[in-house]
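Here is a short briefing on a predicted model. Keep the sequence and the 3D view open as you read.

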Amino acid sequence: MNTHEPVVLGIETSCDETGIGIVRGSTLLANAIASSMDEHARYGGVVPEIAARAHLEALTPTIHAALAEAQLTFDDIDAIAVTSGPGLSGALMVGVAAAKGLAIATGKPLYAVNHLVGHVGVDLVTPDSEPLEYPTIALLVSGGHTSLLYVRDLVGDVELLGETIDDAAGEAFDKVARVLGLPYPGGPHIDRVAVGGNPKAIRFPRGLSQPKDMAAHRYDFSFSGLKTSVARWVEARTDRGEEIPYADVAASFREAVADVLITKALAACADFGVPRLLFGGGVVANARIRSLAEERAALAGVTLRIPPLSLCTDNGAMIAALGAQLIMRGHGPSTLDFGADSTLPVTQIQA
Amino acid sequence: MSDHRELLLAIDTSAGTSVAVVDLERGVLSEANGFDTMKHAEVIGRLIEQALAEASVSAADITGVVAGMGPGPFTGLRVGIAAAHAFATGRGIELLPVVSHDAVARGAQHDGHRGELLVVSDARRREVYWSLYSLPADGAPVRHDGPGLAKPDALPHPHAARHDAAHVSAAALALVALEVRRSGAAFADDRALYLRSPDVTISTGAKRVTQR
Ligand SMILES: [Zn+2]
């Protein structure tokens, strides 16, 4: 196999995006995605069985789309990489099974990799960007996860500093959107409604930020209390027959999420003396979270990296990128015995 | 290798995991089985490798992939279909979808069953999948009704002999595919036979968090 600049096809099916990406070493060649997001909209959140069914239907067409985008055939592919966890187990299984079938059919080595570490690795294939420097703190925020990582070496040393103890940040957006009568997914709608709102109008709680919580949960997140607090505020107003200042509520809620995410991430940078923060996951699409991160990182002297949105949301290119890094660093393929591991720890970079 | 050579890889995960290699002229070359009904994703790769090795063929020799489309419990069923699709895609060969119960009926016929037969398999949640066949003395079994989903005490066709299947043989599945091909009949739709809607809870807006 070409281990200098291997061409890797990555398969990602951990949530509601069927992603097939192709990279050559650190160069992005294709990033094809089929999303089942619209099918989940009427349920107000990702329905695991609907996502898994959609993956099965989307896989083959998305593989063809990625090969066409990269203008390659299977003969050009050196290896296959697949997300084996963490994520929704039924959804993960579709990708795992397909990756095994594809690897055996084509005789290519197979790498089972960690989804969260993939979110970090995608920065390496971001077009026109300087190589990622280590160590770095990484904040990964989506509808499925909210994790703070200390990455000393992408393929060898990744530590989980903290994660959400209840809802993911993206879920909090979806739930608050429901409280405000807005559709799913909540993020873009809350962003829209927050325009012109005063982010300081209402002081919603910052989860796990009190001194007593900080001792045990310095880098952990909690968003369920925030959601309840918004609901209580809105209900009290409604019960008194008062009008709801939607823009202020949306802006203040969003500020609370952004504040707690960025405060904790920058605290980790300061604590470990790491002046680099990588931001990933679909929630980076949120305008205020981005701008507050940029503002505060600059003040703290921390270099902030945010890959383009198409590489921040779940995708196959990040899986291919991590697979390519493993190959370039001399790691052997996974054996065929791995399964889908919905709680795969971040320390397990390759299964 | 002759032009007429047809070498099929067959995969079924509607019950356990079964993988077989069948040759048009020489018949069944191998079958590898895993009977755990929870570990499809873990074992699928090894069983494909094992079936190829025991048949002494390589992936490059395979000319078509037969996929058992169910009925079967969704999570496991999808594993075999996804692997079959990906294998066919990777090799650029055709996918031949077959109803999994057809393989059970064919096996029963091979074992000497004749007449009407109701194939029944576990659908979990105290329900079963069923399909009604007639098994002629010669010629392939014909599916007259189903596949369907029912409570065990509300199965249709009570007069047909009932045949409970805990296992679906991929070799039998491949033989069905060869017969379909020979007869010029149509293959099943390339759609997983879940026969059940996904479990969802429809959100009815936000719930109150404060007491009135
Ligand atoms: Zn993700």
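B:Arg126 sits in the loop of chain B between strand 6 (115-122) and strand 7 (128-135). Helices (H or I, at least four residues) and strands (E, at least two) are DSSP runs, numbered from the N terminus. This is a predicted model, in which local features need pLDDT of at least 70, side-chain atom pairs count only at pLDDT 80 or more, and totals for chains, interfaces and linings use all residues. Residues are numbered from 1 along each chain as its sequence is written, chains are lettered from A and ligands numbered from 1 in the order in which they are written, and side-chain values use heavy atoms, with hydrogens and water left out.

- B:Arg126 is not a glycine, yet its phi is positive, at about 55°.
- Is B:Arg126 buried or exposed? Its relative accessibility is 74%, so B:Arg126 counts as exposed.
- The cut-offs are these: buried means under 20% relative accessible area, exposed over 50%, and partly exposed in between (1.4 Å probe, protein chains only).
- B:His157 is a residue other than glycine with a positive phi, near 55°.
- The loop that holds B:His157 runs between strand 8 (142-150) and strand 9 (161-165) of chain B.
- B:His157 has 27% relative accessibility, so it counts as partly exposed.

**Confidence**

- The complex gets an ipTM of 0.96 and a pTM of 0.96 from the predictor.
- In chain B the average pLDDT is 94, and 96% of the residues score at least 70.
- pLDDT is the predictor's confidence in each residue, from 0 to 100.
- Where pLDDT is low, the predicted coordinates should not be read in detail.

**Chain A as a whole**

- Chain A contains 12 helices and 10 strands.
- Its radius of gyration is 20 Å, close to the 20 Å that the globule rule gives for 351 residues, so chain A is as compact as a globular protein of that length.
- That radius is taken over C-alpha atoms, and the globule rule is 2.2 Å times the number of residues to the power 0.38.
- The C-alpha trace of chain A spans about 70 × 45 × 35 Å along its principal axes.
- Of the 351 residues in chain A, 61% are buried.
- Take the contacts in chain A between residues at least 6 apart in sequence: 75% of them join residues at least 24 apart. Contact means heavy atoms within 4.5 Å.
- Chain A exposes about 12700 Å², and carbon and sulfur atoms supply 51% of that area. Accessible areas come from the Shrake-Rupley method with a 1.4 Å probe; for residues, only the protein chains shown count as cover.
- Chain A carries 26 positive and 40 negative side chains, and the centres of the two sets lie 7 Å apart.
- Lys and Arg count as positive and Asp and Glu as negative, while His and the chain ends are not counted. The place of a charge is NZ of Lys, CZ of Arg, CG of Asp or CD of Glu.

**Chain B as a whole**

- Chain B has 4 helices and 9 strands.
- Along the sequence, their order is β-β-β-α-β-α-β-α-β-β-β-β-α.
- The C-alpha trace of chain B spans about 80 × 45 × 30 Å along its principal axes.
- Buried residues make up 51% of the 212 residues in chain B.
- Chain B carries 21 positive and 25 negative side chains, and the two centres lie 11 Å apart.

- A:Ile190 lies in helix 6 (residues 186-194) of chain A.
- Its relative accessibility is 0%, so A:Ile190 counts as buried.
- Which residues does A:Ile190 contact, leaving aside neighbours within four places in sequence? Among them are A:Phe173, A:Val176, A:Leu182 and A:Phe253.
- A:Ile190 and A:Ala251 are 61 residues apart in sequence and 7.8 Å apart in space, C-alpha to C-alpha.
- B:Asp23 belongs to strand 2 (residues 17-23) of chain B.
- At 3% relative accessibility, B:Asp23 is counted as buried.
- Not counting residues up to four places away in sequence, B:Asp23 touches B:Arg5, B:Glu6, B:Leu7, B:Leu29 and B:Leu178.

**Cis peptide bonds**

- The bond from A:Tyr134 to A:Pro135 is cis, with omega near -5°.
- A:Pro135 is in the loop between helix 4 (115-121) and strand 6 (136-141) of chain A.
- The bond from B:Gly70 to B:Pro71 is cis, with omega near 15°.
- B:Pro71 is in the loop between strand 4 (64-68) and helix 2 (74-91) of chain B.
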